[in-house]
Every structure is written in C-alpha cells, then in structure tokens.
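Please look over the sequence and the structure shown here, and then follow the explanation below, which takes up one kind of local feature after another.

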Amino acid sequence: DADDQCPGFDDSLIGTSCNDGDDCTINDVYTSDCDCAGTFQDSDNDGVCDADDQCPGLNDALIGTSCDDGDACTENDLYGADCGCAGTLIDANNNNICDLDETDECTAPTNLQASNISAGSAALSWSASSAANEYELQYLVEDAPFNSIITLSVPGNGYTLTGLASNTTYLWRVRAVCNGESSPYSGIGNFTTTDGACPDSDNDGVCDADDQCPGFDDSLIGTSCNDGDDCTINDVYTSDCDCAGTFQDSDNDGVCDADDQCPGLNDALIGTSCDDGDACTENDLYGADCGCAGTLIDANNNNICDLDEGCAEPVNLNAFANSSTSATFEWSPIPNADAYRLQYRPIGFGPVSIDIPSSTYTDNNLPSGSTVQWRVRALCSSENSAFVNGPSVTLGSSLPMGAPTVTTKADELKLTLFPNPARDQVTLTVNHLKVASTVVVRNMMGQTLGSYLMGEDGQLTLSTAEWGNNQILLVTIYPEGQEPVSQRLVISR
C-alpha cells in the first residue's frame, strides 16, 4: 500500500488510452490521480464542444449572416445551415449560366412576340442575345413551300414586316449573329393578318379599338401564368394585361418565403432563447433549422433524461483509509437521489447505518487496524434503490501520509463476505473474476453444506437458513485456471 500510487487500480495503466465516456473530449488517458480524462474539444472557441456543435470550426451565431463565398458569379452570400458560405447564381435570363460567363455566348433568341398586326403589317420582337451583332429573321406564309421563305438581316431585336397579305397566317423565326458565328434558330412563331376591316394585333378576334389588351388575348385575363418571381404565388393575368402574383411573407419579416431561411419564423430569432415544451431539456434556443430545441438534462451522461431515471443504484463505489482509525467511502451521485443510506461494519464490531445527503462520507473513529465492509443505497422521493456492496477497506496500524493502497496484486482474487458475522443472508464479492465459478460452503468438519455458481460479475447473495446456528464456516471459490480462495464466515443467530 505504501508504494501503490492507485489502490484498487493497476498503476501501469497510467498514461495509457481509456474512454472517459464524454463525447466532448479526445485523447483520453489514465492520469496520475488514477482517473480517466481527456482534452475538451472546441475548435471554434464558441463555448460548445465539437461533438454538440452544429458547425465545429465556425461560430454558430454566424449562420444566416453575410459572407463572401469567393465566387464572382454569386450574390447575396450567406452562411447556411450546412456551415458553408454560399450565394445565389447571377442569372438574369434564368438559363442556369452565370451572366458573367455569357458575355461571349451566342444564344438563340427567346420570347417571340407579334403585335400591332394589321391587314398588311406586323411588328415582331424577341429577347436580345447579349453577344449578338445583328439578327437573321425568316418568315413565310403558312403551308407555303420552304423555298418561298424570306430572310432579312435585322440590326436590333425587333422588326416590322410590311407588304403582307391580308387575312393570312405567317410563320417566322430568328437567330442571333455574333462576330462571325450564328446561334441556333429560335422556336417558330406565328401571326395572322387582319382582313383589313378591323386591326387585331393579338389575333384574339377582338378589334384593337375594342380590345382591352391589344397585343394580348383578353380571354387569358384571370387565368394562371408565371410572372417569373419566386417570391409570388397564385400568378394570374390581370385586367391591366400583366402577369402578377401575391407576395409570400408568412412571418412578416420583410423577406419573401422563397428567400427566407425560416418561413413562418422571424430569422432574427435564430440563436435566441425559446421554450421547446420539453421538461427534459434546458438552454432551449431557436436553431438554424428554424426549430426550438434544448440540451438533454443528463447529469450522468447516459442519454436518459434525469427526470425519467427513477432511483438508480449507486455506481463507482470506492473506499480508502485516511489513517489507522479513519476511512472515506464514496460513489457517483445519482440524479434523483434525495439522500443515501450508508451501512458499514468493522469486522468483529457492531454495524453502523446512517442517512447522508452527499455521495461521500468519512468516519474518523473506526477501530484501529480494522477491516471495514460497507454498502450503500440511493433514497429517492418515491422509491429507493437496491443496496450495492462496496470494496472493503483495511485500516493500517500506522499508515504513511497520502492515499492508502491495497496489499494484493492487481490481478489477485480477493473474496469479501458481507456482513460477517452474518445472520439471515450473506453477500459474496470477488474482484477480477473472469468467468463464472463454483462456490462451496463447508463446516469446520469438512462437510459440504452447499455448492453454488457465481456469475462473472463477481457478486452472489446466499441465504444462511440451512447452514446451522452459531458456528464458523469456510467459504471457498474455485475460479477456472486460478488458485482457490477461502474466507471464514461466522453465523450468529
């Protein structure tokens, strides 16, 4: 004991790897104070360990704030819920190509329109191609042979055809000409000239003079359309001849739902306190996923809410001598325990039973040099746990300063009987038991009173009812591959 740094623990493990059960630490090792401990990981220094951190390496509070993703083809860059910085593609013509990359692209014209149609003319227009120097326009009468097609060179993105036949349908198309190369042709448009009596530029059968929307089919008013704005819904053609929808901002934060990180929640609330309605969590906050969530209340890190655990048995029981007449008993706190019932007995002396509020207790008035057996249970408001036996502690007659040590080798078996003397039952405890082993109880005449099997957990409670009264018995365990170990048991009744 005087030379053992860690009683009850193999000193050679100090400095070797272990697992302290805390996901927030790494490089766990056994330390010189006989504990397993690691290094707390918080790479972004935001006070949240990396294991629990949404964005290790980035302060979570930056989510939803402006940044620069280094891409000239994006705008409105923000830190996202995936912890990255990203923006929206600059793409005015919605062709999934960055506008900055389209400068030299010779793309086909789109959005073909025919307006101001009369008996002999029609105004044609289309969306401009950014790289076009001019356009090639082709038209012909519907069902006419292809060799009758007329091709025109047009400098801009519009042209008025004249000299057309009345009451006739024409087909037309256009392509961009860009510095010696040409784009593909557009789709084919059509229009029908009037009969000369009444111009009908939109071919809706309504004379332009009487038409609510010249250049537009009035029958489409009130029907669905697409105004090209992701921030609107229920788009329809209106009485002013435009396509328009209703702006969607369900949380009234001035940001349309399509661009809003949290539709239905003001984005400014992200990272602020809330109540998730769960009594098993604390420190509830609105997260980047727009939900309110907290951290599980779990003091013993077993992934079970402390409020749901009931009255668990004490664990990590330890006892050590402070002097020849003093010993300390300790165990891990139980979340729901109001107090603990500690029972201990120096062998050959009377038992002690006390209720204490904490998970450690020191008795400075024990019999000198005695061996003390003990057990403890948790006392909760509505129930109590079972008793758990702790390792016995032997008080030296003259102990040096510092923590005491055990006298056995780290791997040597030690059989403990509690209580001893015993009355109605006795609990056998064996350390370092590797496999289930046979336990035999004999009287001092050598007669076998019983044979039992102890599990590899090293603990067995037996009734003494059939072993006789007021006698000394010999209890022996026969572990596989090791020498038998025996202890005397006093039956007192």
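**A walk through the predicted model**

Tryptophan 126 is buried, with a relative accessible area of 3%, where buried means under 20% relative accessible area, exposed means over 50%, and partly exposed lies in between, for a 1.4 Å probe and protein chains only. This is a predicted model, in which local features need pLDDT of at least 70 and side-chain atom pairs count only at pLDDT 80 or more, while totals for chains, interfaces and linings use all residues. Residues are numbered from 1 along each chain as its sequence is written, and side-chain values use heavy atoms, with hydrogens and water left out.

The ring of tryptophan 126 has a partner in tyrosine 135, and the two form an edge-to-face aromatic pair, 5.6 Å from centre to centre and with 70° between the planes. Rings of Phe, Tyr and Trp (its six-membered ring) pair if their centres lie within 6.5 Å, and planes under 30 degrees apart count as stacked, over 60 as edge-to-face and the rest as tilted. Tyrosine 135 is buried as well, at a relative accessible area of 5%. A second pair is tilted, because the rings of tyrosine 344 and tyrosine 361 have their planes at 40°, with the centres 6.4 Å apart. This pair links distant parts of the chain, since tyrosine 344 belongs to strand S19 and tyrosine 361 to strand S21 (residues 360–363), 17 residues apart; strands (E, at least two residues) are DSSP runs, numbered from the N terminus. Tyrosine 344 is buried, with a relative accessible area of 3%, whereas tyrosine 361 is partly exposed at 25%. Both tyrosines also take part in a cluster, in which ring pairs link Phe329, Trp331, Tyr340, Tyr344, Tyr361 and Trp374. Over the whole structure, a search finds ten aromatic pairs.

Rings can also be approached by a charged side chain, and here a charge sits over a ring if NZ of Lys or CZ of Arg is within 6 Å of the ring centre and within 35 degrees of the ring normal. Arginine 173 lies over the face of tyrosine 185, at 3.7 Å from the ring centre, and arginine 375 lies over the face of phenylalanine 387, at 4.1 Å from the ring centre.

How many salt bridges does a search of the whole structure find? There are two, a salt bridge being a side-chain nitrogen of Lys or Arg within 4 Å of a carboxyl oxygen of Asp or Glu. In one of them the side chains of glutamate 136 and arginine 175 meet, at 3.2 Å from N to O. Glutamate 136 lies in strand S7 (residues 134–141) and arginine 175 in strand S10 (residues 169–178), so the pair ties together parts that are 39 residues apart in sequence. Arginine 175 counts as partly exposed, at 22% relative accessibility. Aspartate 355 forms a salt bridge with arginine 341, and the closest N and O atoms of this pair are 2.8 Å apart. Here too distant parts of the chain are linked, with aspartate 355 in strand S20 (residues 352–356) and arginine 341 in strand S19 (residues 337–346), 14 residues apart. Aspartate 355 is partly exposed, with a relative accessible area of 45%, and arginine 341 is partly exposed at 26%.

The structure holds one cavity of 30 Å³ or more, a cavity being a set of points, on a 1 Å grid over the protein atoms alone, where a 1.4 Å probe fits but cannot get out, with lining residues having an atom within 4 Å of a point. The largest cavity has a volume of about 50 Å³, where the volume is the space filled by probe spheres set on the points, and grid points are joined across faces, edges and corners. Its lining consists of Gln373, Trp374, Asn389, Gly390, Ser392, Thr416, Phe418, Thr427 and Thr429. Strand S22 (371–380), strand S23 (388–394), strand S24 (415–418) and strand S25 (425–430) each give two or more residues to this lining, and S23 gives the most, with three residues.

Most residues other than glycine have a negative phi, and most peptide bonds are trans. The peptide bond from phenylalanine 418 to proline 419 is cis, with omega near -10°, and the bond from asparagine 420 to proline 421 is cis, with omega near 10°. Proline 419 lies in the loop between S24 and S25, and proline 421 is found in the loop between S24 and S25.

Note on methods. 1 Å grid on protein atoms, 1.4 Å probe; cavity = no way out; pocket = protein on both sides within 12 Å on 5 of 7 lines; lining within 4 Å. Helix = DSSP H or I, 4+ residues; strand = E, 2+ residues; numbered from the N terminus.
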